[in-house]
Amino acid sequence: MRRYVGAIDQGTTSTRFIVFDRVGAIVASAQKEHAQYFPQPGWVEHEGAEILANTAEVAAAALARAGLRADDLAAVGITNQRETTLLWNRRTGAPLHRALVWQDTRVDAAVADYCKEGGPDRFRARTGLPLASYFSALKMQWLLREVQGARAMAESGEALLGTVDSWLAWNLTGGAASGLHLTDVTNASRTQLMNLETLDWDEDLLRAFDVPRAALPRIVSSSEIYGTVAGGPLEGVALGGILGDQQAALVGQACFQVGDAKNTYGTGCFLLVNTGTRPVQSRAGLITTVAYRMGGEPAHYALEGSVAIAGALVQWLRDNLGLIERSSDVEKLACEVEDNGDVYVVPAFSGLYAPYWRPDARGVIAGLTRYATRAHLARAALEATAYQTRDVLEAIARDAGLALGELRVDGGMVANETLMQFQADILGIDVVRPAMVETTALGAAYAAGLAAGYWRNRDDLVENWRVERRFSPRMSAQRRAELYAAWKKAVERSLGWTG
């Protein structure tokens, strides 16, 4: 009897495999980090082969811990770091270059060149995206140009391009022997090559970015049975769901109604609000993206605010400055002081993403005096994530006319109650932490389970959602306005540093 559903959660720093039961509870899990490569300033790379090996390892480990076999799983889903781009040989399965990670900024000069004709919104009407190094198209272009022989191989279909979901799905379903080259609509919507209306690769965009269709995956829905896993610890299990990580969290949070919103606090910070079955074009610096498409249903869309640095700022305090030994120590240090001491950290390490889209910005620490301590710096670092989230919510209100009544939250940083309370304070609305915070993996499991008939419909998923804690605002409106005004002043100081 197939009693459970599995999810591969391939993130920026690690890969996890989690097994869920019918009520969305975790039965077993395993996790393994992979190496981060920084060959030049602004360049960030991963080894595709390492990610693939880790995927098999954590799947085997999770099943073993619970005494399960592959045939205990009704289906498996994939959720993945989005925009990260790979190029590999169809015949051998070998990567032709390390993966270019979503944070990588090596194509900044190309972004500037493309902006000369039509500005940063040159392709926004078709793609929902501004021109930025964040998205996959220019990463693909760079790989085709810089890897010897790659363009000819890609044009003939001998070399394949894709995001991490495509890399995993191709290998899981047989690789060089029989692998399926596909991507779901959520990941395709992050490449800057898919037309939001047609949900297909756009010929004009392919020509503009000089990316051959022959190398690209087939675009599929987020929830359908694509094929069967061939070999490894998941052999014989139906592959039934694919969602980019932030869209997976939206599904895992059961945000199926227009106006439902979630914020995921991880390496970066990503706020999505469901806008229904029509894309809403942003005028306030947000991304229009596909939220999910279940089977043959119409696609649902979302407005997204993408913040590059959230939990990564805490890692920076730990690894670069040595202020803390473990990331979890930041809350204790921040609580040594009552406020930020008028210190603000703007973590524009690779520019500012939504709603600013300023690649010329760089990180600043503002407001320093002799009074400031490392505790003030820790508190300012936590608060930076909350301020950036407010920036995004302000943009959503301008774009969609949606005044959110609450914000559902998930991700590693939501365990930090100081941050969650300050988030509620600076937003002036309730922040709701669910009982299940592993919503990214859960969303992938939901997509796969729906395709396999393990769950009947979305009502089953809504019933599974439970509140663990609700954080309500305690701060006065005047104090909230003063702090946010100072944050905006600090952001201004970060702009125009390069270029």
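Predicted model: local features only at pLDDT ≥ 70, side-chain atom pairs only at ≥ 80, totals over all residues.
Local features need pLDDT of at least 70, side-chain atom pairs count only at pLDDT 80 or more, and totals for chains, interfaces and linings use all residues. Residues are numbered from 1 along each chain as its sequence is written, and side-chain values use heavy atoms, with hydrogens and water left out.

**View 1. The whole protein.** The protein has 16 helices and 23 strands; helices (H or I, at least four residues) and strands (E, at least two) are DSSP runs, numbered from the N terminus. Its C-alpha trace spans about 65 × 50 × 45 Å along the principal axes. Of the 499 residues, 62% count as buried, where buried means under 20% relative accessible area with a 1.4 Å probe, protein chains only.

**View 2. Strand E1 and its surroundings.** Strand E1 covers residues 4–10, and seven of the seven are buried, so the strand is largely enclosed by the rest of the structure. On one side lie Tyr4, Gly6, Ile8 and Gln10, and on the other Val5, Ala7 and Asp9, all of them buried.

**View 3. E1 beside E5.** E1 and strand E5 (residues 73–80) run parallel and are joined by six bridges; two strands pair if DSSP finds at least two bridges between them. Ile8 has Ile78 of E5 as its bridge partner.

**View 4. E1 beside E2.** Strand E2 (residues 14–20) runs antiparallel to E1, with six bridges between them. A hairpin of three residues connects E1 to E2. Across this pair, Val5 is bridged to Phe20 in E2.

How values were computed. Buried < 20%, exposed > 50% of the residue type's maximum accessible area, 1.4 Å probe, protein only.
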